[in-house]
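Thanks for making the time, everyone.

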Amino acid sequence: ETTARFRSRAHMVVDTEYPSPVNNGRLTAGVSDTIHAAYTDENDASDIRRDTALMIDVPTASAMEIFGEAALTDNRDTYLVRNELLYVWVQDTDQNLNPHLKDTFTCTATIVGLSSGLIKDTEFIQLTETTETSGIFISSAYTIADTITLVIGDGQLTGAANDTLFIDYKDPNDATDSFRETATLSPLATPGEPEFMENALYTDV
């Protein structure tokens with residue numbers, strides 16, 4: 001009764017609530033936010049004390065999968081080389097940086113030739129958090145095809161049959177946390193139709 005020392009009860013700090021209710025006993029904060037505590041003596045307005053604390057990242061292991069349709073139910077290790085769609089899914093809770101926004105980051109998609117071993121195409125795939133606090137991120141659809149002109153960075157993946165697709169994710173806040181998915185590009189069987197021509201211009205059937 002006479003110590004003149006005062007303590008609060010415990011208040012949990014979380015980054016998984018959105019929206020953030022006022023006076024619910026929890027503080028919602030994201031990475032690099034600063035918590036400010038201020039005290040003013042009710043009997044002496046000049047007696048003011050403050051303290052601060054910086055929110056830092058708690059590293060968590062990531063997981064990644066790749067799919068061929070928007071429902072994200074067909075985990076893939078093979079894609080047809082003609083107009084297939086690629087979707088990338090990543091779970092990494094420490095990338096929920098701002099509990100009031102849907103965070104984003106990029107993965108790198110690379111297609112490597114089977115015979116040459118050379119990189120044929122590279123695209124940066126943007127992933128967006130499914131909700132403000134989920135820590136789960138998905139991409140939009142990216143086309144895989146062998147019928148489009150190769151342009152690096154055009155949002156389309158260009159490759160040939162038997163090439164290998166690599167999807168790489170690296171946590172920007174944790175150099176030890178990385179993930180790679182691979183898939184093979186398979187040829188698409190199409191029917192052939194021979195015709196005989198009577199001239200070199202191929203105009204006379």
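What you see here is a predicted model, and from the N terminus onward its elements run β-β-β-β-β-β-β-β-β-β-β-β-β-β, which the assignment counts as 14 strands and zero helices. The radius of gyration of the chain is 27 Å, whereas the globule rule gives 17 Å for 205 residues, so the chain is more spread out than a compact globule. Taken along the principal axes, the box filled by the C-alpha atoms is roughly 110 × 30 × 30 Å.

Let me turn to packing and surface. Of the 205 residues in the chain, 30% are buried, and among the contacts with a separation of 6 or more, 56% are between residues 24 or more positions apart. The chain exposes about 13400 Å², of which carbon and sulfur atoms supply 53%.

Finally, which residues other than glycine have a positive phi? One of them is Ala4, with phi near 65 degrees; Ala4 sits in the segment before β1, the strand spanning 12-14, and counts as exposed at 63% relative accessibility. Another is Ser32, whose phi is about 75 degrees; Ser32 is placed in the loop between β2 (26-28) and β3 (34-41), and with a relative accessible area of 53% Ser32 is exposed, too.

Definitions and conventions: Residues numbered from 1 in each chain as written. Predicted model: local features only at pLDDT ≥ 70, side-chain atom pairs only at ≥ 80, totals over all residues. Heavy atoms only, no water. Helix = DSSP H or I, 4+ residues; strand = E, 2+ residues; numbered from the N terminus. Rg over C-alpha atoms; globule rule 2.2 N^0.38 Å. Buried < 20%, exposed > 50% of the residue type's maximum accessible area, 1.4 Å probe, protein only. Contact = heavy atoms within 4.5 Å. Areas by Shrake-Rupley, 256 points an atom, 1.4 Å probe, with all protein chains shown as cover.
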